[in-house]
Amino acid sequence: MTIKDNLLKIKSQLPEHVTLVAVSKTKPNDAILEAFYAGHKIFGENKAQELIAKQPELPGDIKWHYIGHLQSNKAKYLAPFVDLVHSLDRKKIIKELNKEAKKNNRIIKGLLQFHIAEESSKFGLSLDEAVEILKDDGLKNYPNINIAGVMGMATFTDDEDQIRKEFKQLKSVFDTLKTDFFADKESFKEISMGMSNDYQIAIEEGSTMVRIGSSIFGPRNTSK
Ligand SMILES: *Cc1c(COP(=O)(O)O)cnc(C)c1O
């Protein structure tokens, strides 16, 4: 199977309301171009350094999604071009990204990342922390960030019930925030959940955006 075959097969299986982010981390530009010329425009990277190096060499109409933990000193490099940052996991990064978006005269879309997995290694907010940021019209402080939904990563396990439980938890966080803070904001609509090994479960549990790497591009050599 080629990258193109993998891509088209996955696309044909996704419901229409689900957006595919092709996760190209560790993969060379020619692999990305193969997917691009097969008609795909949305790519995800999880290392700022890697994305900064790749972006200028690839077509300008690619929509780049940043899906990794973002250090605040890297926000300025992504702000000129990034389309959606999935990993707003603390107030400090929202503040920093807002500042850099403003400098670039842009409004950057972002997702609040929640910690839903059992593994403590994974990043993300708790519901309480998110409420702390959002309460009292807190987003007014960040006019150049458009919060478009939530993101989460399930535990890396074969236990389907565990994964399903965690995705249900993220869906419930989304519903709570929607009701309490975004009821009149149509743009708050994305639930980014599901990777190669669990995206089918994620879609059953309400995902609107799946982030798929190895099932499109093949296995990666590094652990990340
Ligand atoms: C690597 C990565 C993915 C894609 O993982 P695959 O298992 O290769 O599909 C999705 N989301 C995030 C945050 C990642 O870092």
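Hi everyone, some ground rules before we start. The model is predicted, so to speak of local features we need pLDDT of at least 70, side-chain atom pairs count only at pLDDT 80 or more, and totals for chains, interfaces and linings use all residues. Residues are numbered from 1 along each chain as its sequence is written, and side-chain values use heavy atoms, with hydrogens and water left out.

Let's begin with the ligand. Around it sit 13 residues, and Lys25, Ser196, Gly213, Ser214 and Arg220 come nearest (near here is a heavy atom within 4 Å). By class, that shell holds 6 nonpolar, 4 polar and 3 charged residues; Ala, Val, Leu, Ile, Met, Phe, Trp, Tyr, Cys and Pro count as nonpolar, Asp, Glu, Lys and Arg as charged, and the others, Gly among them, as polar.

Now some distances. The side chain of Lys25 has an N or O atom 2.7 Å from a ligand oxygen. For the side chain of Arg220, an N or O atom is also 2.7 Å from an oxygen of the ligand. Arg211 has a side-chain N or O atom 2.9 Å from a ligand nitrogen.

On to strand β1, residues 19-23 (strands are DSSP E runs of at least two residues). Of its 5 residues, 4 are buried, meaning under 20% relative accessible area with a 1.4 Å probe, protein chains only. Which strand pairs with β1 over 4 bridges? That is β8, residues 209-212, in the parallel sense (pairing takes at least two DSSP bridges). Ala22 has Ile212 of β8 as its bridge partner. Thanks, everyone!

Key
Polar contact = N/O pair within 3.5 Å; in protein donor to acceptor, adjacent residues only side chain to side chain. Buried < 20%, exposed > 50% of the residue type's maximum accessible area, 1.4 Å probe, protein only.
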